[in-house]
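Here are a few friendly notes to read with the model open beside you. Please follow along as you go.

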Amino acid sequence: MEMVRLVSHHTHKRLVTCLQGHIGTDAEKRQKKIPLTALSQTMQDGGNQLGEESLIGKMMDVCGEAENRLASELMQHEMQIEKDVMDPLNQLAEVEIPNILKQRKQLAKLVLDYDSAKARWAQATKSIVSGTNFQTLTAKADSLKEEVDEAMNKMELCKDQLAADMYNFYSKEGDYARYFVTLLEAQAEYHRKSLAVVEKFLPTIQAQQDSWTEKPAFGTGLEEHLKRSNREIALPIEACVMMLLETGMKEEGLFRIAAGASKLKKLKAALDCSTSQLEEFYSDPHAVAGALKSYLRELPEPLMTFQLYDEWIQASGVSDPDKRLQALWVTCNNMPKNNKANFRYLVKFLAKLAQDSDVNKMTPSNIAIVLGPNLLWAKTEGTLAEMAAATSVHVVTIIEPIIQHADWFFPGEVDFNVSGMFAMPTAPANHTNHLMASDSDSGTLERKRPVSMAPMDSDLMRKDSPANKLLDHTPRRSNTLSRKPHASPTFQPPLPPVEAGGGALAQPAAEHLMQQQAQPMGVLGSSDAGQSGLVQGVGAVAALQQPLAQIAENGR
């Protein structure tokens, strides 16, 4: 019995320490003392101070309201626990069991009194037999007999009362044990109600979070970034391209020379904030180029996608140059819509950058070497450096021809200022998109080549131009921009691939390309075409000797 009282007392004491409100106070005062109420008030005050324009302010206001509801649920839970568990436990430990223990002590005292009275009565009875004053001794014995009877009656009454209390306690043991079941049930109900409160507020909080467009772009998937910002071209790509178009096209070693770490970090942080206030970065094109490379490198999935990785590698391994270009075109056409749009935008810019390779030294080959590993890598274990090293050789053979023949892969002009957030730089005169005057006057009908195949006018007059080097019959392996004279192709370029049913793939400009647009030459370099390619190149240059002489004469 005493053990039951002790464990009940200790349990009640620990339950009191678990309560966050004050025992015995009314509901309103009790809720004010709960720490969640103070937290709720602080969060709502902070939300009001930050205002609706701040996402943190919105979140603090909504979360403050949720915490207030949770505080209310906690207050009701504690009041129920106090009523259904703590009060009965306290009654058991401090009233019912102590009363039984008190009855037991009382019974022990009455037993002693009874034994004492009985002993005195027995002594008096013996004195009557041996004594001389019979009448007096008899009267005393009778008096002691009454005391014995009275003591016995009191003892029996106490004994009966104790027995009744003991039976009553044991009969209620199931009720006493039920207190602990009630405790767990009350806690379960409290947590269910609290969960319901949280689930009610979570959609609102999540909706506000999702509607907030000012989220970091670096490290975020392309699809998620475009959907969240309602853009066609990723902000870091467009912003960096626009800044480079204005101040970086003549910068030597762009994408190759590393920028200052602090400047690069600042630019990335500014782009993560979706700000258009980027004037201070226009003077550091290497930081801008580094930010563009960093964005591409930090994409969870490369811009050219994991899904098409095997197709890209397979296409780059085709030995025939023309079939290789067709295979690359097919794979490019299979890219997801948003990836293809951003890749097209980037390739068009890189082709434009390569047009100034005489100044910036960034030929399609050099661009492919420094930027390609950031556009495609394998989905394998290991660091980004290890994956890039394993893929870089293949990537260069993929990216370089795409940049060289950008207008063949992606017909049409690109408006680089897609969002209208940036000021368009003044476009420099482009001498690579038209035929020379002497060619147009010759009356010979020719198709335009891809921009990367058309020579600069000045190159035709340079001693070390590719045309003059080919005239010397000196084969040279080159990783720079291939420059061919304006002679008709020695072969008919392949048509875009057709479907199984015989119809052309969905490419609106396919037929127009065959009539209007330049097609890639069959000879991409001496390393691809071998001796037969050299012979074709020499023949083409020989056919150009007469127009070259005419140009030289006009120049004089």
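1. Which residues of α5 are buried? They are A141, L144, V148, A151, M155, C158, L162, D165, M166 and F169. Buried means under 20% relative accessible area, exposed over 50%, and partly exposed in between, with a 1.4 Å probe and protein chains only.

2. A word on the source: this is a predicted model, in which local features need pLDDT of at least 70 and side-chain atom pairs count only at pLDDT 80 or more, while totals for chains, interfaces and linings use all residues. Residues are numbered from 1 along each chain as its sequence is written, and side-chain values use heavy atoms, with hydrogens and water left out.

3. Back to helix α5, which covers residues 134-171, 38 residues in total. From first C-alpha to last, α5 reaches 55 Å, close to the 56 Å expected at 1.5 Å a residue (the expected span is 1.5 Å times one less than the number of residues). Helices are DSSP runs of H or I with at least four residues, numbered from the N terminus.

4. Next, H77 in helix α4 (residues 55-130). H77 counts as buried because its relative accessibility is 11%. Leaving out residues up to four places away in sequence, H77 touches A186, Q187 and Y190; contact means heavy atoms within 4.5 Å.

5. Q31 sits in helix α2 (residues 27-32). Its relative accessibility is 17%, so Q31 counts as buried. With residues up to four places away in sequence not counted, Q31 touches T37, N68, A71, S72 and M75.

6. Finally, V4 belongs to helix α1 (residues 2-18). V4 counts as partly exposed because its relative accessibility is 30%.

Methods. Helices (H or I, at least four residues) and strands (E, at least two) are DSSP runs, numbered from the N terminus.
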